[in-house]
Amino acid sequence: MRSQYDCVVVGGGPGGAWAAKHAAAQGASVLLLEKDREVGIPVRCAEAVGIAGLKAVVEPQSRWISNVIEGAVLVSPEGKEVLLASDTAQGYMLDRKIFDYDLVRIATESGVEVLTKAYVYGLIKQNNIVMGVRVQHMGARHDILAKIVIGADGVESRVGRWAGLKTNIKLNDMESCLQMTLSNINVDPRYIYLYFGQEVAPGGYLWVFPKGENQANVGLGIAGTFARYKSAQKYLKEFVDRQFPHAAVLYTVVGGVPCAPTLKKIVSDGLMLVGDAAHQVNPMSGGGIVTAMLAGKIAGKVAAEAVQAGDVGTDRLMRYAESWHRAEGKNHERFHKIKQAVYKLSDADLNKTAESVLRLAPEKRTLSNIFRAALIKHPALIFDVVKAFV
Ligand SMILES: Cc1cc2nc3c(=O)[nH]c(=O)nc-3n(C[C@H](O)[C@H](O)[C@H](O)COP(=O)(O)OP(=O)(O)OC[C@H]3O[C@@H](n4cnc5c(N)ncnc54)[C@H](O)[C@@H]3O)c2cc1C
């Protein structure tokens with residue numbers, strides 16, 4: 001470890017790994033700091049990604065994939081199943097322990113230096129310009145200077161706050177998640193199942209993502225406002241007892257997912273935020289792996305170019321924020337508005353929607369037709385959705 005780098009990346013998740021890789025590939029000297037002992041552990045994820053999205057950021061490798069998903073089934077509160085007619089529903093179940101580890105390994109091939117068990121506990125700042133990080137590693141404290149610090153420190157990010165950015169989120173937009181990896185269950189490994197309704201996951205959804213014929217990640221996310229009245233744990237236990245009474249629980253994990261639009265400011269002098277730290281999760285699906293990598297790719301490139309140009313000020317780094325906005329940020333604003341409209345629907349509305357979609361030919365059961373059916377009797381909600389596109 002040197003005492004000075006072009007870029008220091010805080011966090012070894014997909015966002016941090018990809019920011020580090022792309023900064024180093026453009027010629028920057030890069031140090032990636034990860035607080036945990038090993039990259040990829042613990043896994044806090046349901047491990048599903050769309051194939052097209054993943055391929056846009058990295059060439060998938062077979063050792064990352066535990067199951068190939070052919071489609072998604074949406075389940076209404078009264079149990080009607082709608083198989084989505086869409087190629088975009090095809091996905092992979094990843095093994096994130098291997099995936100995250102490999103992304104960082106790939107980053108090292110571009111010259112990234114990595115330090116694990118390296119906890120960043122503060123920023124070095126001068127006149128509000130970020131100049132580096134303070135890190136604790138193996139019991140010793142070090143100051144490391146950096147022309148740019150990239151905060152990819154996940155949903156509990158503190159780097160942005162330390163830099164003075166507003167990182168708070170509305171309670172309603174923070175999905176409170178709990179997931180169990182279950183075995184000794186019967187699932188169709190071809191499909192992921194998403195359950196909706198007040199009884200299973202108010203303000204969110206419950207998922208069954210098969211990792212094979214008798215193993216699945218089963219979890220749910222409920223909006224923070226609902227979690228106050230009944231915990232995610234209670235909702236999940238009731239579902240598992242009902243649906244998979246003989247299941248064995250191999251792994252349990254809790255976590256938050258920021259289902260909000262991207263933070264208003266994701267850069268400041270000498271600093272960029274990436275991934276969950278910047279709230280770059282798709283607010284509809286809660287998926288944040290691919291979006292973190294995409295943001296990391298853009299941020300890494302902009303960071304290296306800024307260092308080469310000798311200008312790491314906010315205006316220059318805004319190129320990252322603008323490019324992200326064009327690539328996904330704008331879509332996320334729309335998805336967030338659509339999400340808010342959809343979650344206003346009652347269970348009766350959802351049941352009726354499922355019934356009318358099931359009357360369509362299977363190839364017409366697309367997401368846009370589902371939204372159309374859901375909102376047709378709700379002019380006020382349609383207005384909310386239309387607002388998303390103007
Ligand atoms: C229950 C659950 C299920 C999910 N399911 C899916 C899914 O199926 N598909 C999907 O696409 N997304 C899913 N997500 C979201 C996805 O996991 C995240 O969006 C994704 O991991 C974001 O990547 P990241 O690199 O921004 O952050 P992370 O992957 O969270 O990585 C952040 C890293 O920073 C490190 N770190 C934090 N603070 C410090 C510090 N001070 N010093 C050093 N290191 C630090 C952490 O240890 C961590 O390794 C799920 C999330 C949850 C909670």
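A residue is called buried if 20 or more other C-beta atoms lie within 10 Å of its own, exposed if 12 or fewer do, and partly exposed in between, with C-beta atoms placed from the backbone. Keep that in mind as we look around this predicted model, where local features need pLDDT of at least 70 and side-chain atom pairs count only at pLDDT 80 or more, while totals for chains, interfaces and linings use all residues. Residues are numbered from 1 along each chain as its sequence is written.

Let's start with N67, which sits in strand 4 (residues 65-69); strands here are DSSP runs of E, at least two residues, and helices are runs of H or I, at least four, numbered from the N terminus. N67 counts as buried because it has 21 C-beta neighbours inside 10 Å. Setting aside neighbours within four places in sequence, N67 is in contact (C-beta atoms, placed from the backbone, within 7 Å) with M93, P189, P210, K211 and G212.

Seven strands make an open one, in the order 6-5-13-14-15-12-16, with mixed pairing. At its edges are strand 6 (81-83) and strand 16 (248-258), each pairing on one side only. Two strands pair if DSSP finds at least two bridges between them.

Last stop: helix 7 (residues 289-309). Of its 21 residues, 17 are buried, so helix 7 is largely enclosed by the rest of the structure. Just after helix 7, G310 takes a positive phi of about 70 degrees.

Notes
Two residues are in contact if their C-beta atoms, placed from the backbone, lie within 7 Å.
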